[in-house]
Amino acid sequence: MKNLGNMLKQAQQMQSRMQEMQAKLEATEVEGSSGGGMVKVRLTGKGDLRRVSIDPSLMNADEREVLEDLLVAAHADAKQKVEATMAEEMQKATAGLSLPPGMKLPF
C-alpha cells in the first residue's frame, strides 16, 4: 500500500505541475520568422496567432506569392518553436515521475 500512496502523491504533484505549465504556456509568446526577418509571426504557447509583421518592401502585387510563402514559413517556424517549448515544459512537469516502460504523457 505504501507504493500506491507514493504513486497517488506523485500523480497529485504532477497534476499541479501540469496546471502551472499550462498557465505558463498561455502567457508565453514565441516568434517565428522567414525571409531573413522580413516576415515575422508571433504565436502563444498554445498556438494562437497574436501578431504578423511584414516588411513594407513585400507589399506590392508582384510579391504576393513570395509573401504568401513567407507567411507560411514564418508560421511553421513559430509552431516548431512552440512545440519545442511544450516538450521542454512537459519534461519539467513530469520530472521524477516513474512511468512504466512505453507509457507517455499526456495520457
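Analyst: Helices (H or I, at least four residues) and strands (E, at least two) are DSSP runs, numbered from the N terminus. Two strands pair if DSSP finds at least two bridges between them. The model is predicted, with pLDDT of at least 70 needed for local features and 80 or more for side-chain atom pairs, while totals for chains, interfaces and linings use all residues. Residues are numbered from 1 along each chain as its sequence is written, and side-chain values use heavy atoms, with hydrogens and water left out.

User: Which pattern does the chain follow along the sequence?

Analyst: The chain holds 2 helices and 3 strands. Taken in sequence order, these elements give α-β-β-β-α.

User: How many bridges join E1 to E2?

Analyst: E1 covers residues 29–34 and E2 covers residues 39–44. Glu31 stands opposite Arg42 in E2. The two strands run antiparallel, and the number of bridges joining them is 6.

User: Which residue in the turn between E1 and E2 has a positive phi?

Analyst: E1 and E2 form a hairpin with 4 residues between them. A phi of about 60° is found in the turn, at Gly35.

User: In E3, what is the bridge partner of Arg42?

Analyst: E2 and E3 (residues 49–54) pair in the antiparallel sense over 5 bridges. For Arg42, the partner in E3 is Arg51.

User: Which residue takes a positive phi in the hairpin of E2 and E3?

Analyst: This hairpin has 4 residues between its strands. The residue with a positive phi, near 95°, is Gly47.

User: How many residues of E3 are buried?

Analyst: Buried means under 20% relative accessible area, exposed means over 50%, and partly exposed lies in between (1.4 Å probe, protein chains only). Over the chain of 107 residues, buried residues make up 22%. E3 is hardly covered, and the count among its 6 residues is 0.

User: Why is Thr44 counted as buried?

Analyst: Thr44 lies in E2. Contact means heavy atoms within 4.5 Å, and beyond four places in sequence Thr44 is in contact with Leu25, Glu26, Thr28, Glu29, Arg50 and Val82. Thr44 counts as buried because its relative accessibility is 2%.

User: Is Ser34 buried or exposed?

Analyst: Ser34 is found in strand E1. Not counting residues up to four places away in sequence, Ser34 touches Val39, Leu70, Ala73 and Ala74. With a relative accessible area of 9%, Ser34 is buried.

User: What is the distance between the C-alpha atoms of Gly37 and Ile54?

Analyst: Gly37 is found in the loop between E1 and E2, and at 28% relative accessibility Gly37 counts as partly exposed. Gly37 and Ile54 are 17 residues apart along the chain, and their C-alpha atoms are separated by 8.8 Å.

User: Which helices give two or more residues to the lining of the second largest pocket?

Analyst: A pocket is found on a 1 Å grid over the protein atoms alone, as an open set of points where a 1.4 Å probe fits, with protein on both sides within 12 Å along at least five of seven lines; lining residues have an atom within 4 Å of a point. The lining of the second largest pocket includes Met18, Gln22, Gly45, Lys46, Glu83 and Met86. The helices asked for are H1 (2–27) and H2.
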